[in-house]
Number of protein chains: 2
Amino acid sequence: MGAQINTDYSKVQQNYLFSTIAKKVSEFQVANPGKEIFRLGIGDTTQPLGQTVVKAMQDAAARLGDVKTYTGYGAEQGNLPLRQALANQYTSRGVELTADEIFVGDGAKTDSANIQSIFGLDNIVAVSDPAYPVYVDTNVISGRTGSAGKDGRFDGLIYMPCNSDNNFMPELPSRKADLIYLCSPNNPTGAVMSRERLGQFVDYARENKAVIFFDAAYAAFISDPDLPKSIYEIDGAKECAIELNSFSKSHGFTGVRLGWTVVPQKLVAVDALSEIGFTTPGQINGLWKRRQTTFFNGASNVVQAGGLAGLTEEGMKESRELVSFYMENARIIREGLSQTGLKIYGGTDAPFLWMKTPGGVDSWSFFDRLLNETRVVGTPGAGFGQAGEGYFRLSAFGHRDKTIAAVESIKANLKL
Amino acid sequence: MGAQINTDYSKVQQNYLFSTIAKKVSEFQVANPGKEIFRLGIGDTTQPLGQTVVKAMQDAAARLGDVKTYTGYGAEQGNLPLRQALANQYTSRGVELTADEIFVGDGAKTDSANIQSIFGLDNIVAVSDPAYPVYVDTNVISGRTGSAGKDGRFDGLIYMPCNSDNNFMPELPSRKADLIYLCSPNNPTGAVMSRERLGQFVDYARENKAVIFFDAAYAAFISDPDLPKSIYEIDGAKECAIELNSFSKSHGFTGVRLGWTVVPQKLVAVDALSEIGFTTPGQINGLWKRRQTTFFNGASNVVQAGGLAGLTEEGMKESRELVSFYMENARIIREGLSQTGLKIYGGTDAPFLWMKTPGGVDSWSFFDRLLNETRVVGTPGAGFGQAGEGYFRLSAFGHRDKTIAAVESIKANLKL
């Protein structure tokens with residue numbers, strides 16, 4: 001018959017959410033030449049790298065230009081000093097991890113997309129609703145969900161709805177789940193899971209031998225000391241959770257590309273082929289290592305040098321300044337829009353704000369209205385799942401003047 | 001039951017080839033402290049980046065450190081000037097490609113590992129034997145091959161043996177293949193496919209609606225003007241072939257990470273869900289775009305800036321010097337070892353040399369002998385497949401003095 005395509009691709013939405021937005025913005029710009037756009041949309045960062053990071057990358061490039069200091073392929077899991085520095089960050093929060101439990105990658109998107117591949121296709125997957133589209137799409141493409149119904153939902157997925165009734169914190173899966181995606185601080189809602197709720201998930205996972213994928217890419221934005229920055233702050237989490245994190249937002253690395261994934265040696269799951277029916281300690285860690293050494297060749301050495309510098313005392317000072325800058329944006333958006341009567345969630349321990357669309361209008365219609373009436377680009381909540389319908393995401397990653405201008409434009413021009 | 005692991009991982013060899021070698025070398029070093037090792041093994045580069053590339057990466061880092069020139073996420077398929085520069089390189093060889101047919105990635109390993117994922121699991125895969133292990137391993141892990149037999153071969157794969165009888169050039173698959181991996185110049189044999197043989201594969205693919213994955217990562221090492229550097233030099237290849245390439249060896253980017261994949265708009269395959277039964281032009285290109293935008297977030301912007309500089313006139317001059325340096329190593333190895341009576345193939349238009357093990361000893365035993373008797377590390381041919389048994393790969397990517405020392409050590413110490 002010939003080479004057949006993977007027809008599971010036909011089951012995902014035709015366009016990736018942010019591609020669709022980019023296309024709409026581009027069309028608006030063509031139709032409205034010269035009009036400035038205020039982007040509170042994709043969550044792309046705007047503030048520069050710290051000088052410590054810049055210098056470290058420049059020095060790394062210089063070393064690669066000298067035969068005496070040139071290096072080729074990097075270490076399999078990432079450079080050891082970088083993994084050690086990451087482990088030390090956990091230690092400072094009371095979490096003991098070893099460098100061999102940390103895998104350096106090229107960003108949390110890649111790892112959160114690929115982590116499902118070391119698990120079987122028969123696992124039942126639970127996702128928050130709304131959720132970062134990558135969690136759903138990668139499971140659809142991998143053949144774990146079947147086709148979507150008319151409402152856009154997949155029968156093969158368990159949705160954990162997040163809304164104002166539960167403070168946008170997912171509740172335990174309604175039926176038995178094997179793989180559970182959690183993101184806290186949450187993209188898109190900006191909600192942070194409490195220690196108690198996260199503890200319930202860890203207990204659930206241990207009881208049901210489920211595995212939690214904990215996306216902590218926005219952990220640096222948590223200022224409330226009572227909120228967990230890592231799932232491993234919860235007792236027992238090392239036996240049931242993989243954590244993903246990133247330099248993208250804490251250090252401005254969205255285009256530079258660096259992240260890491262923690263696969264504890266204690267983590268176990270079901271291995272139908274083994275005599276005991278379960279994996280032995282270290283086996284899941286080894287599976288991810290095999291996956292990464294087969295399908296990946298490491299994050300760029302220049303970038304890893306930048307990341308290492310970003311974890312030094314000076315680099316962390318620059319990171320905290322960056323985080324503070326964006327959180328001041330979040331405050332400006334939250335307080336400014338709240339004055340207009342718009343209902344705003346998030347934005348206190350997360351760089352995202354989650355807005356109820358006024359008058360209950362659907363979120364793509366609100367996207368068009370906001371763009372046309374105020375020239376502000378946001379992200380329609382429906383793009384993150386059915387429970388996101390009627391909501392709208394705003395990001396705090398803009399320039400200060402543009403953020404202020406966007407808030408003023410909404411206040412002045414949005415027909416509420 | 002709980003979270004189940006992907007049991008297809010149990011079907012691949014336990015250790016990635018180069019991890020096993022690294023372990024053996026490490027053990028030798030512990031047992032023989034202070035003894036220098038000569039590495040002609042993994043194919044890791046040793047010569048520095050060109051200064052044009054270094055400066056471009058340093059400038060890119062500086063731009064990212066300035067709020068006025070900072071940029072976040074890059075363009076979906078890679079920066080347009082880089083894709084345009086790559087397209088121009090093909091034009092100079094008489095191949096017309098557009099920038100939207102080129103996808104910038106973080107290296108040919110990643111792309112050659114992932115390219116299979118946009119095709120269905122029922123496709124029959126053909127690989128050269130010996131072959132780069134990633135082609136086989138990624139298909140095993142994805143569930144396309146079943147388990148290996150006692151001989152290490154997978155019934156689900158078609159092997160195309162390459163040996164001295166066919167000048168190490170694969171012959172057409174013995175039964176109907178849907179997806180065909182070709183690598184030319186070849187890793188590990190150093191053989192380059194002739195225009196005639198490549199033409200036979202293109203004809204075969206068009207007749208059988210098969211798709212060829214053409215790994216051209218070593219194309220820069222071809223000096224013979226009659227040998228094809230791109231499969232698109234063959235008429236009709238755009239309808240049936242995806243080409244993968246890399247900056248790793250031509251520009252010393254093994255640790256820097258940059259590559260690209262060409263998916264022509266004309267490429268078509270079978271789409272069982274479509275009315276016509278085949279994909280429409282552009283559909284495979286769109287599938288790969290969807291794959292990359294869902295599972296990947298682009299190569300590092302700093303690295304892409306380095307790659308773009310590497311394609312300028314000055315950057316290409318540095319690349320040619322780098323290639324010449326390594327090819328002089330290849331000449332030294334080839335001529336030196338030939339004097340001892342060892343039978344050497346490759347190394348004229350490729351940075352790899354393929355040696356018949358003396359006395360027909362198996363290639364892992366020869367690995368141990370070579371390490372213990374001469375302190376030279378190479379790669380056992382059996383690590384690349386059954387037809388590699390009795391052969392041994394040497395790489396020309398070493399330092400000049402170490403390469404000479406390795407050759408001298410083999411000449412002086414190997415008990416032939």
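Predicted model: local features only at pLDDT ≥ 70, side-chain atom pairs only at ≥ 80, totals over all residues.
The interface between chains A and B was examined first. In it, 78 residues of chain A are in contact with 77 residues of chain B. Five elements of chain A each supply at least two residues of the side that touches chain B: helix H2 (51–64), helix H4 (108–114), helix H5 (133–141), helix H7 (283–295) and helix H8 (301–310). The largest share of this side comes from H2(A), with 7 residues. By class, the side of chain A that touches chain B has 34 nonpolar residues, 32 polar residues and 12 charged residues.

Two packed helices are described by the angle between their axes and the distance between the axes. Here the axes of H2(A) and H8(A) come within 8 Å. They cross at roughly 145 degrees. The crossing of H2(A) past H8(A) is right-handed. On the H2(A) side, the contact is made by Thr52(A), Val53(A), Ala56(A), Met57(A), Ala60(A) and Ala61(A). H8(A) contributes Asn301(A), Val302(A), Ala305(A), Gly306(A), Leu308(A), Ala309(A) and Gly310(A). By class, this contact has 9 nonpolar and 4 polar residues. It has no charged residues.

In chain B, 4 strands form an open sheet. Their order is E9-E10-E13-E12, and the pairing is antiparallel. Strand E9 (344–346) and strand E12 (379–380) of chain B are the edge strands, and each pairs on one side only. Strand E10 (residues 352–356) of chain B pairs with strand E13 (residues 391–395) of chain B over 5 bridges, in the antiparallel sense. Within this pair, Lys356(B) has Tyr391(B) of E13(B) as its bridge partner.

A loop residue of chain B leads back to this sheet. Asn187(B) lies in the loop between strand E5 (179–183) and helix H6 (195–208) of chain B. Asn187(B) counts as buried because 26 other C-beta atoms lie within 10 Å, where the cut-off is 20 or more. Beyond its neighbours within four places in sequence, Asn187(B) is in contact with Tyr132(B), Tyr218(B) and Phe352(B). Of these partners, Phe352(B) belongs to strand E10 (residues 352–356) of chain B. Asn208(B) lies 21 residues from Asn187(B) along the chain, and 26 Å separates their C-alpha atoms.

Key. Residues numbered from 1 in each chain as written. Chains lettered and ligands numbered in written order. Pairing = 2+ DSSP bridges. Contact = placed C-beta atoms within 7 Å. Nonpolar A, V, L, I, M, F, W, Y, C, P; charged D, E, K, R; others polar. Buried ≥ 20, exposed ≤ 12 C-beta atoms within 10 Å, placed from the backbone. Axes fitted to C-alpha atoms, helices over the stretch in contact; angles between N-to-C directions. Left-handed = near helix turned anticlockwise from the far one by under 90°.
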